Amino acid sequence: MSRFPARRSLFLATLTAVILALLPASAQALTQRDWMVALVDSLGRSFGLPDEPQAGDYLNILQGQRNLRFEAEAVHAEDDEVSTLTFLNYGPFSGAGWLLGISRPSQVHLRFTLPLDGRYRLSLAVRSPGHTVLAGGQRFTVDGEPQRFTRVVAGEVNLTAGPQEVVVTLPPGGALDYLELAAPALPPIAPDGGWQADAPLTWDVLAATAVQALGLEKSLPLSGPSQEIEAESLTETGGAQVVEDAHLGRPSGGRWLRTSAQPAEVGVPLTVAQGGFHDLELILMGQPVKIVVNSQLELAIAGKPYLDTVTSPPVFLSKGANRLAVTLPPRGGIDRIVLKSRRSDLTALAAALGMTISGDLPTAADLDRLTTRLATATR
């Protein structure tokens with residue numbers, strides 16, 4: 001079915017602006033919720049909203065998270081031939097209960113709204129072999145253990161945002177606990193300190209999130225002192241060892257962290273004085289190296305077989321405590337982490353956007369200009 005996302009988003013953006021323009025001046029004070037709604041519509045992501053969306057539904061989309069669990073007892077069709085039980089017959093379960101099939105094969109129709117498109121890894125917690133799953137036009141066979149719930153990866157499937165139905169056929173006496181969908185997170189869109197739906201919309205919030213949505217971070221100039229952290233000074237090393245080997249590159253402080261035959265997750269605490277955009281420059285070795293920023297944004301970096309400097313795309317960090325989780329591959333290593341700030345003041349953000357800041361707070365007309373631009377931008 002053709003969805004015409006760009007045309008629909010442009011229409012929604014225009015409609016939002018028209019409605020705001022018709023309101024009396026006293027009613028036109030914009031909130032962050034207004035901008036959240038306009039952002040989701042303009043980015044063509046409104047298909048991932050339920051019929052009566054709440055602020056949390058918009059937040060789910062803007063956060064870019066694509067790791068989802070759906071409890072079978074909560075999302076299955078009412079007329080499915082299954083029973084909801086809470087006994088621990090087959091070991092621990094998640095949620096309020098689990099579904100038990102009947103004495104013959106029976107279908108469970110799991111219905112839910114998927115916030116974001118993507119290629120997802122599909123997993124289920126089932127008891128007993130012989131389950132089949134129909135999702136996204138693909139069929140999978142899922143075999144659990146006979147006497148307890150087992151989480152089984154069925155495979156990968158392409159899914160579009162919006163209403164979904166996954167049909168699980170239980171074998172006689174089969175049982176189903178939950179379904180999981182997992183895909184790499186999309187870059188989150190959020191202001192310093194996170195979204196506050198009912199708070200007034202300020203120029204700082206509007207400009208920072210518009211730069212993220214349009215992918216203009218690299219147009220902000222580098223500015224200010226760098227923050228440098230020697231890897232060997234970190235306490236969360238995940239089993240990586242401090243070494244002094246110099247034949248794989250010259251470590252900055254004479255020592256660095258290296259993994260053995262097993263991967264290791266190294267935790268890197270960062271304290272940011274002012275929320276804004278930053279580059280991450282790392283001296284590391286091995287591939288792939290995975291970096292997770294604040295348990296949200298995932299970055300994959302291909303290092304060399306020796307210590308070398310790599311730089312990530314700009315990331316947005318909020319004021320205060322932040323954390324990087326750097327997963328090093330076997331025989332990988334890391335020497336130093338450098339945080340390089342980019343100018344993130346309102347003047348620099350406005351210049352990157354090519355817009356003029358006027359008045360104490362943004363107006364409906366300002367919102368209209370940005371939503372139109374977002375709806376027609378090539379991303």
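I looked up the second largest pocket and found about 450 Å³ of space in it. I took a pocket as an open set of points on a 1 Å grid over the protein atoms alone, where a 1.4 Å probe fits, with protein on both sides within 12 Å along at least five of seven lines; lining residues have an atom within 4 Å of a point. The volume is the space filled by probe spheres set on the points, joined across faces, edges and corners.

This is a predicted model, with local features needing pLDDT of at least 70 and side-chain atom pairs pLDDT 80 or more, while totals for chains, interfaces and linings use all residues. Residues are numbered from 1 along each chain as its sequence is written, and side-chain values use heavy atoms, without hydrogens and water.

I counted 26 lining residues for the second largest pocket, with Gln-274, Gly-275, Gly-276, Phe-277 and Ser-344 nearest its centre. Its lining has ten nonpolar, eleven polar and five charged residues (nonpolar: Ala, Val, Leu, Ile, Met, Phe, Trp, Tyr, Cys and Pro; charged: Asp, Glu, Lys and Arg; polar: the others, Gly among them).

I then took the largest pocket, which holds about 670 Å³ of space. Its lining has 31 residues, and Pro-187, Pro-188, Ile-189, Gln-212 and Phe-316 lie nearest the centre. The lining divides into 19 nonpolar, eight polar and four charged residues.
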